[in-house]
Amino acid sequence: MSLYSGLSTLPPDALLGLMVAYREDKRDEKFDLGVGVYKDEAGNTPILSAVKKAEARMLAAQDSKVYEGPRGNVDFCAHVEDFVFGAGHPARAEGRTLSFTAPGGCGALYAGVSLMRRMGTKKVWVSKPTWPNHPNVVKSLGLDVAEYDYAVGGTLSPTGILESLMQAEPGDGVIIQGPCHNPTGIDIPERLWTALGDLAKSKGLVVMVDVAYHGFARSLGEDMAGVRAFLEAAGEGMVAYSCSKNFGLYRERTGCFLALGSTPEGIAAATTHVAAIGRASWSMPPAHGAGIVATILGDAELRAEWEAELSSMRNRMIALRKALSDALVAETGSNSLGELARQNGMFSQLPITPEGAKKLREDLGLYMPASGRINIAGINANDIPRIAEILATAL
Ligand code: LMR
């Protein structure tokens, strides 16, 4: 009998468990299409050169580790506001925006769902399918989860999204993914973002847009067009922004929680609540990753270098998508797999069952979650013919 004997043992987190199992697999031939981490052609996840240079500058210049305060690095926050709202957005001068450094995109999501709860939200809608940690965060905060149809048979379902959300009650929360959708790689076109903004406004929905892969679809500017169209139409909303992927800062936990309001009074009140949420959980946000991003974005040369590195990660993912999609079409004879080449970011979802995914892992050493999601950004181009051959056995 122990203090803890009342606890049941939980299964390992599906994605993190897969990461460990892959590392421990001793087979010579194994392929990791699991957790969402970018790898270069050599199979490494290198520190970006702009990040290395920014860290060297910080090491030389930093003379204190004292707390930065509840908002964390305010220069970092201003740069992310530039990305999300735009440098000249009038709401910023009018005190109708807020931004807080958060421990990763997930910390920002946690802040947003916690704020929804303080606003009286009881239920949060997530896309079907979505990143498993979305419902996880919502449930761990004691709120109910509902799902809106998102993609059916590998194709975006605008009618499904709008019809599901028509069922939402005023005050319900909604998490919508910006670029790029995890797990499907299928993003919302700009006109649908506007329709979603109109719907959120007319129904009084509390929407948080989760932006975890900014710059991985087309370009920094184009990737944010839909999010901005949404905010324009809705007039109010929240954004969770992650720098894990686009700056390669995974373990530094670098994110930002932002909100746009229709009145400065509303945003002033919300600011006190976000500060209180942070204080009761992480107390003060981590500084290192936000310092790196602020150093890069505040320096023209480092910024240009980062943008070039981001473009090369994106171009590699686009080329891998095309090659894998061609190989899968050739292997299976199914043209629908050609869609992979038109999807965005690190992930796509294949029509592979949980049993099929388990069999691929156990029999052929190919690791992917039970949802049929594949991380394309972790593949080596030379392995594509073999990966396509293995995947085709389950398609
Ligand atoms: C993923 O979806 O694989 C990544 O976002 C990593 C994670 O934390 O799950």
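**Helix packing, domains and a salt bridge**

Guide: Helix 3 and helix 9 are roughly perpendicular to each other. Please bear in mind that this is a predicted model.

Visitor: Why are helix 3 and helix 9 called roughly perpendicular?

Guide: Helix 3 (residues 74–84) and helix 9 (residues 220–234) pack at an angle of about 80°, with their axes 8 Å apart. Angles of 65 to 115 degrees count as roughly perpendicular, and helix 3 and helix 9 therefore receive that description.

Visitor: Which residues meet in the packing of helix 3 with helix 9?

Guide: From helix 3, Asp82, Phe83 and Val84 meet Leu220, Met224, Arg228 and Leu231 of helix 9. By class, this contact has five nonpolar, no polar and two charged residues.

Visitor: How do you know how helix 2 and helix 11 are oriented to each other?

Guide: The angle between helix 2 (residues 49–61) and helix 11 (residues 288–297) is about 105°, and their axes are 9 Å apart. Since the range for roughly perpendicular is 65 to 115 degrees, helix 2 and helix 11 are therefore roughly perpendicular as well.

Visitor: What makes up the contact of helix 2 with helix 11, by class?

Guide: On the helix 2 side are Ala50, Val51, Ala54, Glu55, Arg57 and Met58, which meet His288, Gly291, Ile292, Thr295 and Ile296 in helix 11. Of these residues, six are nonpolar, three polar and two charged.

Visitor: What makes Arg303 and Glu307 a salt bridge?

Guide: The side chains of Arg303 and Glu307 meet at 3.2 Å, N to O. The criterion is a nitrogen of Lys or Arg within 4 Å of a carboxyl oxygen of Asp or Glu, and the pair Arg303 and Glu307 therefore qualifies. Both residues lie in helix 12 (residues 300–332); because they are four residues apart, about one helical turn separates them. In the whole structure, a search finds 15 salt bridges.

Visitor: How many salt bridges are there between domain 1 and domain 2?

Guide: The count between domain 1 and domain 2 is zero. Domain 1 comprises 14–46 + 313–392, and domain 2 comprises 67–298.

Visitor: How do you know that domain 1 and domain 2 are in contact?

Guide: Contact requires heavy atoms within 4.5 Å, and 17 residues of domain 1 are in contact with 20 residues of domain 2. About 1500 Å² is buried between the two domains, with carbon and sulfur atoms giving 55% of that area. The centres of domain 1 and domain 2, taken over C-alpha atoms, are separated by 28 Å.

Technical notes:
Residues are numbered from 1 along each chain as its sequence is written. This is a predicted model: local features need pLDDT of at least 70, side-chain atom pairs count only at pLDDT 80 or more; totals for chains, interfaces and linings use all residues. Side-chain values use heavy atoms; hydrogens and water are left out. Axes are lines fitted to C-alpha atoms, for helices over the stretch in contact, and angles run from 0 to 180 degrees between N-to-C directions. Helices (H or I, at least four residues) and strands (E, at least two) are DSSP runs, numbered from the N terminus. Angles under 35 degrees count as roughly parallel, over 145 as roughly antiparallel, 65 to 115 as roughly perpendicular and the rest as oblique. Ala, Val, Leu, Ile, Met, Phe, Trp, Tyr, Cys and Pro count as nonpolar, Asp, Glu, Lys and Arg as charged, and the others, Gly among them, as polar. Domain bounds come from an automatic or database domain assignment. Buried area is the accessible area (1.4 Å probe) that two parts lose on being put together, summed over both.
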